[in-house]
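Here is a short briefing to read alongside the structure. Have the viewer open and follow the residues as they come up.

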Amino acid sequence: QVQLVESGGGLVQPGGSLRLSCAASGSILGINNMGWYRQAPGKERELVGTVTSRGTTNYADSVKDRFTTSRDNAKNTVLLQMNNLKPEDTAVYSCYAVVTTLTFQIVEVWGQGTLVTVSS
């Protein structure tokens, strides 16, 4: 069993910054892709950014040049640094990971989500 625990959400003013963190624990042999999705009220879930085990990143056009995702493979964590936040970034942010377990299963795991509110 694998769990993802997120932290770092909250209320921030437009133009401000937040950093989200997500730590994986449990029966982990290795982690392939890790990343972040978000879902705003009344909208579908959308990709924010992902990072492979080798550090290759991919971002949604709406967050490029403002958000950075990175990971610490030794600690099984993924971070999302969000700068120059806009009201339209308000959403529940969820991390995910594609994990190879100790029993050699490949599973997709999701965190519980953390709310980011950008408002003055």
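In which strand is the place of leucine 29? Leucine 29 sits in strand S4, which covers residues 28-39. Before going further, please keep in mind that this is a predicted model.

**Strand S4 and its partners**

- S4 pairs with S9 in the antiparallel sense, over nine bridges.
- Tryptophan 36 has glycine 49 of S5 as its bridge partner, and arginine 38 stands opposite glutamate 46 in S5.
- S4 and S5 form a hairpin with six residues between them, and in its turn glycine 42 has a positive phi of about 75°.

**From S5 to S6**

- S5 runs antiparallel to strand S6 (residues 57-59), and three bridges join the two.
- Threonine 50 stands opposite asparagine 58 in S6.
- These strands form a hairpin too, with five residues between them, where glycine 55 takes a positive phi near 95°.

**The nonpolar core**

- The largest nonpolar core has 30 residues, and Trp36, Phe67, Leu80, Met82 and Tyr93 touch the most other members.
- At least two residues of this core come from each of strand S1 (2-7), strand S3 (18-26), S4, S5, S8, S9 and strand S11 (114-118).
- S9 gives the largest share of this core, with five residues.
- As general background, nonpolar side chains tend to be buried together in soluble globular proteins.
- Methionine 82 is in contact with Gly16, Ser17, Leu18, Leu20, Arg66, Phe67, Tyr93 and Val116, leaving aside its neighbours within four places in sequence.

- Threonine 69 is found in strand S7, and it counts as buried because its relative accessibility is 4%, under the 20% cut-off.
- Leaving aside neighbours within four places in sequence, threonine 69 is in contact with residues including Trp36, Gly49, Thr50 and Val51, as well as Val78, Leu79 and Leu80.
- The C-alpha atoms of threonine 69 and methionine 34 are separated by 9.2 Å, and these residues are 35 residues apart along the chain.
- Threonine 100 is found in strand S9, and at 16% relative accessibility this residue also falls under 20%, so it counts as buried.
- Not counting residues up to four places away in sequence, threonine 100 touches Ser27, Ile28, Leu29, Gly30, Asn32, Gln105 and Ile106.

**Salt bridges**

- The structure holds four salt bridges.
- Arginine 38 and glutamate 46 form one of them, with the closest N and O atoms 2.6 Å apart.
- Arginine 38 counts as buried at 5% relative accessibility, whereas glutamate 46 is partly exposed, with a relative accessible area of 33%.
- Arginine 66 forms a salt bridge with aspartate 89, and here the closest N and O atoms are 2.7 Å apart.
- This pair links distant parts of the chain, 23 residues apart: arginine 66 is in the loop between S6 and S7, and aspartate 89 is in the loop between S8 and S9.
- Both arginine 66 and aspartate 89 are buried.
- Arg38, Glu46, Arg66 and Asp89 are linked in a network of salt bridges.
- Aspartate 61 forms a salt bridge with lysine 64, with the closest N and O atoms 3.2 Å apart.
- Aspartate 61 is exposed, with a relative accessible area of 65%, while lysine 64 counts as partly exposed at 42% relative accessibility.

**Loops and surface**

- Phenylalanine 104 lies in the loop between strand S9 (91-101) and strand S10 (106-110), and has a positive phi of about 70° although it is not a glycine.
- Why does phenylalanine 104 count as exposed? Its relative accessibility is 63%, and exposed means over 50%.
- Asparagine 76 lies in the loop between strand S7 (67-72) and strand S8 (77-82).
- Asparagine 76 is not a glycine, yet has a positive phi of about 55°, and it counts as partly exposed at 22% relative accessibility.

Key:
Residues are numbered from 1 along each chain as its sequence is written. This is a predicted model: local features need pLDDT of at least 70, side-chain atom pairs count only at pLDDT 80 or more; totals for chains, interfaces and linings use all residues. Side-chain values use heavy atoms; hydrogens and water are left out. Helices (H or I, at least four residues) and strands (E, at least two) are DSSP runs, numbered from the N terminus. Buried means under 20% relative accessible area, exposed over 50%, partly exposed in between (1.4 Å probe, protein chains only). Two strands pair if DSSP finds at least two bridges between them. A nonpolar core is a set of buried Ala, Val, Leu, Ile, Met, Phe, Trp, Tyr and Cys residues joined through side-chain atoms within 4.5 Å. Contact means heavy atoms within 4.5 Å. A salt bridge is a side-chain nitrogen of Lys or Arg within 4 Å of a carboxyl oxygen of Asp or Glu.
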